[in-house]
Amino acid sequence: MLPVDHIRRAVLLSPLILLSDCRRRKEESGMGDALTQELSDFLDASRTGLADGKLTLINKNLRDSQLAAILTDPRVGALTQLDLQINQLSALGVQRLAKSPRLQTLQSLCLSMNPLRDAGIQALSQAPWLRQLTLLLARSCGGTAAGVRTLATALAGGAIRSLDLGGQEVQAAGLVELPLTLLALHEAHLDGAAARELIAHGHMKSLTLSRAPLGAGALVGLPGIAPGLYSLTLDQTELADQDVMALAARPAPALEHLSLQYCSLRDDGVRALARAPWLHQLKTLTLAFKGDALPSQKACDELRGAYGDRPGLSL
């Protein structure tokens with residue numbers, strides 16, 4: 001497993017307060033009242049966690065009005081971690097978050113898979129506590145490239161270190177300058193030019209572009225690999241031999257983890273990896289092949305020989 005996953009789990013899976021969803025399957029006509037009571041019961045039962053400033057409400061069909069009630073409830077004090085992923089929050093909900101005095105010390109915010117759209121992303125960009133966040137997950141929120149760029153620009157100069165903006169339109173502008181530990185763009189809609197810019201000039205340590213539909217040739221013309229890039233995940237991006245050859249032709253002084261699972265690699269791509277100037281420094285190299293694009297056994301053996309007997313090669 002690459003450091004991308006370790007970083008995310010270390011931040012997100014440390015002490016969480018999870019609201020039971022045993023009542024979520026009640027009939028729709030009564031769901032509003034049932035959820036309101038569930039939230040009240042949850043707050044009563046969670047005083048210890050709330051005292052530590054952590055609140056998690058994942059996949060609860062939470063809406064803007066219910067969020068407003070939580071933010072004004074006397075049982076909820078100042079929050080440092082807030083996880084609201086997979087709900088029904090809109091721009092109005094984000095506006096309420098931005099204005100809430102309970103979030104003045106917020107450090108970690110997870111809003112992935114809420115229908116925020118550009119209006120919600122814009123509201124988030126204007127939150128007075130935005131630049132103090134060290135972690136922000138806003139994946140699959142329906143943003144356009146312009147909206148995501150506004151958010152990235154607003155984060156500049158702040159404390160942000162882990163950022164997930166996958167599952168929506170993304171450009172390199174605004175993101176490339178952020179000094180991140182992790183930039184996750186899983187299933188993001190970006191073109192080859194944006195991918196090349198992030199890989200060559202990004203200030204992040206770990207970059208994942210898994211399942212971004214880059215396509216064959218997207219990395220051709222890659223001007224370099226950023227000197228601080230430590231981990232690069234390109235799984236299921238439809239890259240091909242010419243893209244791996246472009247990667248392998250560039251120095252990568254910090255690169256230690258590379259994943260190219262289920263791309264369209266054949267002999268030329270595998271042999272390019274065997275000749276890469278940074279192969280000797282890798283701690284993990286993860287490859288898996290699609291049924292319609294298989295390299296020869298000979299090419300795979302050449303890569304194994306070049307990698308050596310040290311651990312970390314998955315082929």
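Student: Which residues in H6 meet which ones in H7?

Tutor: Keep in mind that this is a predicted model. From H6 you have Asp118, Ile121, Gln122, Leu124 and Ser125, and they meet Gly147, Val148, Thr150, Leu151 and Ala154 of H7.

Student: How do the residues of that contact divide into nonpolar, polar and charged?

Tutor: For H6 with H7, five are nonpolar, four are polar and one is charged.

Student: And at what angle do the axes of H6 and H7 cross?

Tutor: Roughly 10 degrees, with the axes of H6 (residues 117-125) and H7 (residues 145-155) coming within 9 Å. Angles under 35 degrees count as roughly parallel, so H6 and H7 are roughly parallel to each other.

Student: OK, over to H4 and H5. How do their axes cross?

Tutor: H4 covers residues 64-72 and H5 covers residues 91-99; their axes cross at roughly 15 degrees and come within 9 Å. That makes H4 and H5 roughly parallel to each other, therefore. The crossing of H4 and H5 is right-handed.

Student: Which residues make the contact there?

Tutor: On H4, Asp64, Ser65, Leu67, Ala68 and Leu71; on H5, Leu92, Gly93, Arg96 and Leu97. Sorted by type, the contact of H4 with H5 has five nonpolar, two polar and two charged residues.

Student: Switching to rings: how many aromatic pairs are there?

Tutor: Zero, counting ring centres within 6.5 Å as a pair.

Student: Then what sits over the ring of tyrosine 307?

Tutor: The charged end of arginine 310, at 3.8 Å from the centre of that ring.

Key: Residues numbered from 1 in each chain as written. Predicted model: local features only at pLDDT ≥ 70, side-chain atom pairs only at ≥ 80, totals over all residues. Heavy atoms only, no water. Phe/Tyr/Trp six-rings, centres within 6.5 Å; stacked < 30°, edge-to-face > 60°. Lys NZ or Arg CZ within 6 Å of the ring centre and 35° of its normal. Axes fitted to C-alpha atoms, helices over the stretch in contact; angles between N-to-C directions. Helix = DSSP H or I, 4+ residues; strand = E, 2+ residues; numbered from the N terminus. Parallel < 35°, antiparallel > 145°, perpendicular 65-115°, else oblique. Left-handed = near helix turned anticlockwise from the far one by under 90°. Contact = heavy atoms within 4.5 Å. Nonpolar A, V, L, I, M, F, W, Y, C, P; charged D, E, K, R; others polar.
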